[in-house]
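Thanks for passing this one along.

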Amino acid sequence: MTVDIVIKDGQIVFPSGIVRAGIAIDKGKIVALSLESQLPDAHKTIDAKDKYVIPGFVDEHDHLHFQFGAGQDTLEGCFKKETKAAAFGGVTTIGQMSPLRSPIHE
């Protein structure tokens with residue numbers, strides 16, 4: 001079996017602690033967590049030696065609507081652009097702060 005990506009020799013962060021292991025990813029999904037010697041072949045290998053591998057970050061204080069209403073974009077446009085940028089940077093969960101001007105659901 002050949003997978004799309006293998007991240008080898010990383011320090012994988014779990015809620016219960018940190019484990020030195022590798023990750024195999026195929027078609028956008030994790031298919032294996034194991035020692036490097038047991039990982040499948042991959043089209044791309046990322047060496048994560050001495051690096052932490054974190055499943056994503058939570059940013060609990062976002063102002064995604066900051067430019068909305070200032071003629072910059074629609075509310076939907078702000079969310080689409082800024083959540084895409086957050087995901088690109090590794091943020092997988094956001095906590096939207098209420099706007100000072102009006103409720104976000106308007």
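1. Confidence comes before anything else: pLDDT is the predictor's confidence in each residue, on a scale from 0 to 100. The protein has a mean pLDDT of 82, with 81% of its residues at 70 or more. Where that score is low, the predicted coordinates should not be read in detail.

2. A word on ground rules. This is a predicted model, in which local features need pLDDT of at least 70 and side-chain atom pairs count only at pLDDT 80 or more, while totals for chains, interfaces and linings use all residues. Numbering starts from 1 along each chain as its sequence is written, and side-chain values use heavy atoms, leaving out hydrogens and water.

3. Now the overall layout. One helix and seven strands make up the elements of the protein, in the order β-β-β-β-β-β-α-β along the sequence. Helices (H or I, at least four residues) and strands (E, at least two) are DSSP runs numbered from the N terminus. Of the 106 residues, 23% are buried, where buried means under 20% relative accessible area, exposed over 50% and partly exposed in between (1.4 Å probe, protein chains only). Among contacts (heavy atoms within 4.5 Å) with a separation of 6 or more, 59% link residues 24 or more positions apart.

4. Strand 1 deserves a careful look. Two strands count as paired if DSSP finds at least two bridges between them. Strand 1 runs antiparallel to strand 2, with eight bridges joining them, and a hairpin of two residues connects the two strands. Within this pairing, Gly10 stands opposite Ala21. Strand 1 is parallel to strand 4, over six bridges, and there Val3 faces Ala42. Strand 5 (residues 52–53) also pairs with strand 1 in the parallel sense, through two bridges.

5. Is Gln11 buried or exposed? Gln11, which lies in strand 1, counts as buried because its relative accessibility is 17%. Gln11 stands opposite Tyr52 in strand 5. Setting aside residues up to four places away in sequence, Gln11 touches Ile18, Val19, Arg20, Asp50, Lys51, Tyr52 and Val53.

6. Met1 sits in the segment before strand 1 and is exposed, at 70% relative accessible area. Met1 and Pro40 are 39 residues apart in sequence, yet their C-alpha atoms are 6.3 Å apart. Beyond four places in sequence, Met1 touches Val31, Pro40 and Asp41.

7. Finally, the largest pocket. On a 1 Å grid over the protein atoms alone, a pocket is an open set of points where a 1.4 Å probe fits, with protein on both sides within 12 Å along at least five of seven lines; lining residues have an atom within 4 Å of a point. The largest pocket holds about 160 Å³, the volume being the space filled by probe spheres set on the points. Its lining includes Ile7, Phe14, Leu33 and Pro55. Strand 1 (2–14), strand 2 (17–26) and strand 3 (29–34) each give two or more residues to this lining, and strand 1 has the largest share, four residues. By class, the lining has 11 nonpolar, no polar and no charged residues; Ala, Val, Leu, Ile, Met, Phe, Trp, Tyr, Cys and Pro count as nonpolar, Asp, Glu, Lys and Arg as charged, and the others, Gly among them, as polar.
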